[in-house]
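Here is a short briefing on one protein chain. Take a look at the sequence and the model before reading on.

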Amino acid sequence: MNSDIPSTEGAPSAPRNAPLKSSDVPDGGRHGPNRWMALVVLSLAQLMDILDSTIVSIALPSAQRDLGFPSDYRQWVLTGYALAFGSLLLLGGRLSDFFGRKRLFLIGIGGFALASALGGAAETFAMLLVARIAQGAFAAMLAPAALSLLSVTFADDAKERGRAFGIFGAVSGAGGAVGLLLGGVLTQSLSWRWCLYVNLPIAAVAFIGGMAFLRDGERPERVRPDVAGSVAVVLGLVAIVYGLGTAETHGWNDVRTLGSVIAGGALVALFVLIERRAKHPLLPLRVVLDRVRGTAYLSLGISGIGMFAVFLFLTYYLENTLGFTPLQTGVTFLPMIGLVMAGAVFSGAVLLPRTGPRPLVPIGCVLSAIGMAILTGIQADSSYAGAVLPALLVTGIGFGLIFGPVQNAATSGVRSHDAGVASALVTTAQQIGGSIGTAVFSSLATTTTAKYLSTHTTPQTQSVTVTEATLASYHLVFWIAAAVFLGSAVVAAVLFPSGPLPLPVDSDPEPATTP
């Protein structure tokens with residue numbers, strides 16, 4: 001039975017040195033001031049999506065006390081979102097290619113806002129969980145639509161594209177830390193519910209701006225959907241994210257953890273086989289097998305593992321060891337936020353158009369590794385200025401050199417009708433990397449703490465040893481995170497080709513279309 005999914009048959013990815021036709025570019029992607037307003041809209045949506053990942057973590061203890069659910073339910077407020085978001089990203093990205101990026105963007109924004117309102121008004125745990133799952137589902141529409149709109153809007157000028165991706169990458173890199181700061185302010189001054197309600201004004205501005213300034217290109221004719229591939233990849237990603245999310249609670253040897261990850265991996269492998277044979281695949285393999293884009297996805301996934309060490313375990317250290325409040329913890333990340341934004345914008349606008357990603361991303365990863373290594377020196381009596389701030393400054397510069405260039409590279413040279421799924425892979429790589437990092441680091445920290453206590457505890461030193469054991473686990477996590485970033489640096493240095501990124505379209509000057 002025929003469906004109304006557009007055809008991309010016979011439309012290979014853009015050759016690296018052959019520009020696309022101007023007709024592939026939506027009106028918003030041509031020269032004119034309106035696309036900078038579009039960038040503001042897309043950056044707002046990205047900020048809302050990214051900060052939600054950390055702001056809810058700050059709100060969880062207060063939400064638990066207010067709604068009265070047990071501690072072992074807390075992980076499901078985070079895992080429920082991650083399951084829906086991670087499993088539906090590729091489908092959401094392809095739907096944006098098929099049915100219109102602007103349409104999916106607006107649906108995602110509106111649905112995310114409604115789900116946030118539901119979560120903020122929750123009176124039971126079940127209501128909060130449903131709201132979080134709905135947030136994840138609508139975010140899976142929003143995130144790839146936003147990045148693909150950015151890619152096709154700034155497709156005709158290398159310098160402007162680099163500047164736009166630098167700004168967007170700065171928002172991506174700083175959003176998590178902004179969530180920590182905003183979560184602390186809202187939780188302490190108002191209520192945990194405002195950590196969800198805060199999405200409403202952001203979504204309203206982004207929705208109105210999206211209606212006014214975003215433009216879609218022409219969509220291909222409609223064809224049969226890739227049902228088998230969609231089912232395989234959704235179930236596979238659900239299984240992987242679920243298994244990784246339960247690793248800390250159940251352990252790596254538990255069938256719920258190991259079985260889910262293995263089953264998910266098998267389903268993803270089946271998905272690849274299906275895509276090789278499908279006439280109209282959900283994920284055309286040409287998107288991934290391109291050297292530049294494939295390296296970008298791999299670098300993002302590996303770096304995503306290490307990035308979670310900063311926000312998760314450094315937050316634990318600041319609050320549980322140094323006794324900072326959530327608001328104070330958020331403020332401590334401000335210097336890093338500033339450098340992430342400055343580094344991303346400068347590297348995207350000035351350096352990337354000249355050098356390409358090959359020198360920038362490895363340098364960013366090495367700087368991030370140095371920052372992690374500095375954090376291995378933290379102690380129970382360390383000061384923020386002496387032990388934490390230097391690491392945040394170095395890491396901030398590193399993150400700034402990673403985010404903008406990699407996101408730009410991940411969508412370079414891709415045809416307009418593949419931009420959505422290419423963008424979805426960016427977020428999927430980050431999501432899977434983050435899930436792996438959270439699971440592995442949390443499991444290692446728990447194991448290290450228990451082992452340290454079993455070998456060092458005495459009745460006279462038990463309280464002191466607990467702190468020492470916790471610090472030992474943090475040190476191990478940061479050392480491994482440093483090694484992960486170094487691994488990402490090697491991957492980027494070896495696999496990225498030299499030279500600037502190719503433009504996906506020609507740069508024929510055409511007048512901007514006003515809304």
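The points below cover the overall fold, helix packing, aromatic pairs and selected residues.

The model is predicted. The protein chain has 18 helices and two strands. Of its 515 residues, 56% count as buried. Take the contacts between residues at least 6 apart in sequence: 85% of them join residues at least 24 apart.

**Helix H2 against helix H4**

- Helix H2 covers residues 74–99, and helix H4 covers residues 125–153.
- Their axes come within 7 Å and cross at roughly 30 degrees.
- Angles under 35 degrees count as roughly parallel, so H2 is roughly parallel to H4.
- The crossing of H2 and H4 is right-handed.
- By class, the contact of H2 with H4 has 18 nonpolar residues, seven polar residues and one charged residue.

**Helix H14 against helix H16**

- Helix H14 spans residues 334–355, and helix H16 spans residues 384–410.
- The axes of H14 and H16 come within 7 Å and cross at roughly 35 degrees.
- H14 passes H16 in a right-handed crossing.
- On the H14 side, the contact is made by Pro335, Met336, Leu339, Val340, Gly343, Ala344, Ser347 and Leu352.
- On the H16 side, the contributors include Tyr384, Leu389, Thr395, Phe399 and Asn408.
- By class, the contact of H14 with H16 has 14 nonpolar, six polar and no charged residues.

**Other views of helix H16**

- Threonine 395 is found in helix H16.
- With a relative accessibility of 1%, threonine 395 counts as buried, because the cut-off is under 20%.
- Threonine 395 is in contact with Val310, Met336, Ser368, Gly371 and Met372, leaving aside neighbours within four places in sequence.
- Met336 also belongs to the H14 side of the contact with H16.
- Alanine 391 has its place in helix H16 too.
- Alanine 391 counts as buried, at 0% relative accessibility.
- Alanine 391 touches Gly371, Ile374 and Leu375, not counting residues up to four places away in sequence.
- From C-alpha to C-alpha, alanine 391 and isoleucine 370 are 7.6 Å apart in space, and they are 21 residues apart in sequence.

**Aromatic pairs**

- A pair of aromatic rings is described by the distance of the centres and the angle of the planes.
- A search of the whole structure finds nine aromatic pairs.
- One of them joins phenylalanine 69 and phenylalanine 125, with ring centres 5.0 Å apart and planes at 50 degrees, so this pair is tilted.
- Phenylalanine 69 lies in the loop between helix H1 (34–67) and H2, while phenylalanine 125 lies in helix H4.
- The pair therefore ties together parts that are 56 residues apart in sequence.
- Phenylalanine 69 counts as buried at 5% relative accessibility.
- Phenylalanine 125 counts as buried at 15% relative accessibility.
- Phenylalanine 399 and phenylalanine 485 form a tilted pair, 6.0 Å centre to centre and with 40 degrees between the planes.
- Phenylalanine 399 lies in helix H16 and phenylalanine 485 in helix H18 (residues 462–495), so the pair ties together parts that are 86 residues apart in sequence.
- Both phenylalanine 399 and phenylalanine 485 are buried.
- Phe399 also takes part in the contact of H14 with H16.
- Ring pairs link Phe313, Tyr316, Tyr317, Phe441 and Tyr474 into a cluster.

**Two further residues**

- Where is serine 260? Serine 260 lies in helix H10, which covers residues 255–277.
- Serine 260 is buried, with a relative accessible area of 14%.
- Not counting residues up to four places away in sequence, serine 260 touches Ala239, Ile240, Tyr242, Gly243 and Val255.
- Asparagine 34 has its place in helix H1.
- Is asparagine 34 buried or exposed? Its relative accessibility is 16%, so asparagine 34 counts as buried.
- Asparagine 34 and alanine 212 are 178 residues apart in sequence. In space they are 9.3 Å apart, C-alpha to C-alpha.

Notes:
Residues are numbered from 1 along each chain as its sequence is written. This is a predicted model: local features need pLDDT of at least 70, side-chain atom pairs count only at pLDDT 80 or more; totals for chains, interfaces and linings use all residues. Side-chain values use heavy atoms; hydrogens and water are left out. Helices (H or I, at least four residues) and strands (E, at least two) are DSSP runs, numbered from the N terminus. Buried means under 20% relative accessible area, exposed over 50%, partly exposed in between (1.4 Å probe, protein chains only). Contact means heavy atoms within 4.5 Å. Axes are lines fitted to C-alpha atoms, for helices over the stretch in contact, and angles run from 0 to 180 degrees between N-to-C directions. Angles under 35 degrees count as roughly parallel, over 145 as roughly antiparallel, 65 to 115 as roughly perpendicular and the rest as oblique. A crossing is left-handed if the near helix is turned anticlockwise from the far one by less than a right angle, and right-handed if clockwise. Ala, Val, Leu, Ile, Met, Phe, Trp, Tyr, Cys and Pro count as nonpolar, Asp, Glu, Lys and Arg as charged, and the others, Gly among them, as polar. Rings of Phe, Tyr and Trp (its six-membered ring) pair if their centres lie within 6.5 Å; planes under 30 degrees apart count as stacked, over 60 as edge-to-face and the rest as tilted.
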